[in-house]
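Please read the following walk through a protein chain with the model open beside the text.

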Amino acid sequence: MSIAIELPGLSETQRQIVELAREFARTKIEPFAAEWDRRAHFDREVIDELGRLGFLGMCAPEEFDGMGLDTVTYLLALEEIAAADASVAVSLSIHNAIPTTMLTRHGSDAQKKRWLKAMARGELLAGFALSEPEAGSDAAALCTRAVRDGDAWVLSGAKAWATNGGTADLMMVMARSEHGICAFIVPTDAPGYRPGTPEDKMGLRASNTVALALEDVRLPADHLLGEEGEGFGYAMEGLDAGRLGIAVQAVGIARRALEHSVAYCAERRQFGRPLREFQAVQFKLADMATRVEAARALAHVVATRRDRGEDTSMPASMAKLFASEAAMWVTTQAVQLFGGYGYMRDFPVEKLFRDAKVTEIYEGTSEIQRIIVARGLYPRG
Ligand SMILES: Cc1cc2nc3c(=O)[nH]c(=O)nc-3n(C[C@H](O)[C@H](O)[C@H](O)COP(=O)(O)OP(=O)(O)OC[C@H]3O[C@@H](n4cnc5c(N)ncnc54)[C@H](O)[C@@H]3O)c2cc1C
């Protein structure tokens, strides 16, 4: 049995998409990932190329030029990209899951024709700005202001850690009007939209993460998504999809750490034999493989339920919680199995270990996922 996604069990469409993603990841991402990480280099060209192949339109409906994939197929493709580089995967994940879902579900026909089509065709890269310096886990406490001024909306405030914030063409920005939290489509060339310098991060160093200053960003009225005051609900729907993306990003990271570990333990010899012959090593590898398989399976089960139209808010949190903690655990074991080499930047598991950590933090920390799951156990409060 293989640790990677096994092709024979997939539908023809799934197989073609996984093969395309795998080949692209093998040739255009993985050989460069360590260098991008060292230089903290966000590679827009690789994102554009993925866009031309349709990977920025995986979740958008076909009538708006997307691939209209079911969630499981989307997750299969994303895992392949994440196994090569989690930084590239997070750009795809946010774009496909959050602004795409929000626009598809709540955009007007005109907004979909103008923004969603271009996003799906890979001509526009999108991001999502919810978090603020004083509103992270408690995102509903955000205080970026949206004030109506004649035919326009004027946004002012500060956002924190916006992925793609300095490299995207448009951001879905959450701001508070007198009627509640709203979602706005903000082109990043709008006057007053000011991204900060990229954050110097522990991992995911090739993704672009910035603070945003919104200095009286003036937007035409039709840049409001859906209904005024309903934006927080739209954002939570986007995050339900987003959390499944982060779950398989974690699976991709963990799987690659396991693949490297299996190969290393077959080669590295101590006490006159390969590490793989020690039972303590075998047990570690077995536990790693079991967690990778379980994390993937849970994400796919939740995705199947989502595709059936079920409310998957609570199970998506379970999938993200389980997969991110599995990734942190598996990459920690991988570093241990590599010994001193595991601690060196020249060996791949060190980067995987650093990349894994953020999956326990963003799109809701593990503590917040546990709160959501526990709330689901007492649905009537
Ligand atoms: C690399 C990166 C990329 C990101 N990208 C984006 C993005 O694109 N868009 C965006 O909007 N945001 C983004 N974020 C922000 C991310 O979603 C937040 O960092 C996250 O939600 C946690 O918020 P916080 O950092 O303010 O931590 P805090 O909310 O301050 O939490 C600190 C600690 O307290 C714990 N805690 C908080 N409340 C509770 C509670 N009630 N019970 C128990 N424990 C609690 C948390 O779990 C955590 O351990 C990104 C962050 C990072 C690091």
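The buried residues of helix H9 pack against H1, H4, H6 and helix H8 (313-338). This is a predicted model, and the contacts described here are computed from it. H9 spans residues 348-357 and is mostly covered, with 8 of its 10 residues buried. Those buried positions are Val349, Glu350, Lys351, Leu352, Phe353, Arg354, Asp355 and Ala356.

Which residues touch the most other members of the largest nonpolar core? Ala250 is one of them, together with Ile81, Phe184, Ala254, Ala295 and Ala299, in a core of 121 residues. Helix H6 (residues 231-267) gives the most to this core, with 15 residues. In soluble globular proteins, nonpolar side chains tend to be buried together. Phe184 has its own set of partners: Ala146, Trp153, Leu155, Val173, Ala175, Leu219, His223, Leu224 and Leu225, again not counting residues up to four places away in sequence.

The next step is the division into domains. Domain 1 covers 12-120, domain 2 covers 126-230 and domain 3 covers 233-377. The centres of domain 1 and domain 2, taken over C-alpha atoms, are separated by 22 Å. Across this boundary, 24 residues of domain 1 are in contact with 19 residues of domain 2. On the side of domain 1 that touches domain 2, helix H1 (12-39), helix H4 (86-106) and helix H5 (109-120) each supply at least two residues. H4 gives the most to that side, with 11 residues. By class, the residues on that side of domain 1 divide into 13 nonpolar, 7 polar and 4 charged.

Where does the ligand lie relative to domain 2 and domain 3? Domain 2 (126-230) and domain 3 (233-377) both give residues to the shell around the ligand, so the ligand lies between them. There are 22 residues around the ligand, and Gly136, Ser137, Thr163, Thr365 and Glu367 come nearest. Strand E1 (126-129), strand E3 (152-163) and helix H10 (366-377) each supply at least two residues of the shell. The shell has 11 nonpolar, 8 polar and 3 charged residues.

Last comes the chain as a whole. The protein chain has 10 helices and 10 strands. Its radius of gyration is 21 Å, close to the 21 Å that the globule rule gives for 381 residues, so the protein chain is as compact as a globular protein of that length. Along the principal axes, the C-alpha atoms fill a box of roughly 80 × 45 × 40 Å. Buried residues make up 52% of the 381 residues. Among contacts in the protein chain with a separation of 6 or more, 74% are between residues 24 or more positions apart.

How values were computed. Residues numbered from 1 in each chain as written. Predicted model: local features only at pLDDT ≥ 70, side-chain atom pairs only at ≥ 80, totals over all residues. Domains from an automatic or database assignment. Contact = placed C-beta atoms within 7 Å. Helix = DSSP H or I, 4+ residues; strand = E, 2+ residues; numbered from the N terminus. Nonpolar A, V, L, I, M, F, W, Y, C, P; charged D, E, K, R; others polar. Core = buried A, V, L, I, M, F, W, Y, C linked by C-beta atoms within 7 Å. Buried ≥ 20, exposed ≤ 12 C-beta atoms within 10 Å, placed from the backbone. Near = placed C-beta within 6 Å. Rg over C-alpha atoms; globule rule 2.2 N^0.38 Å.
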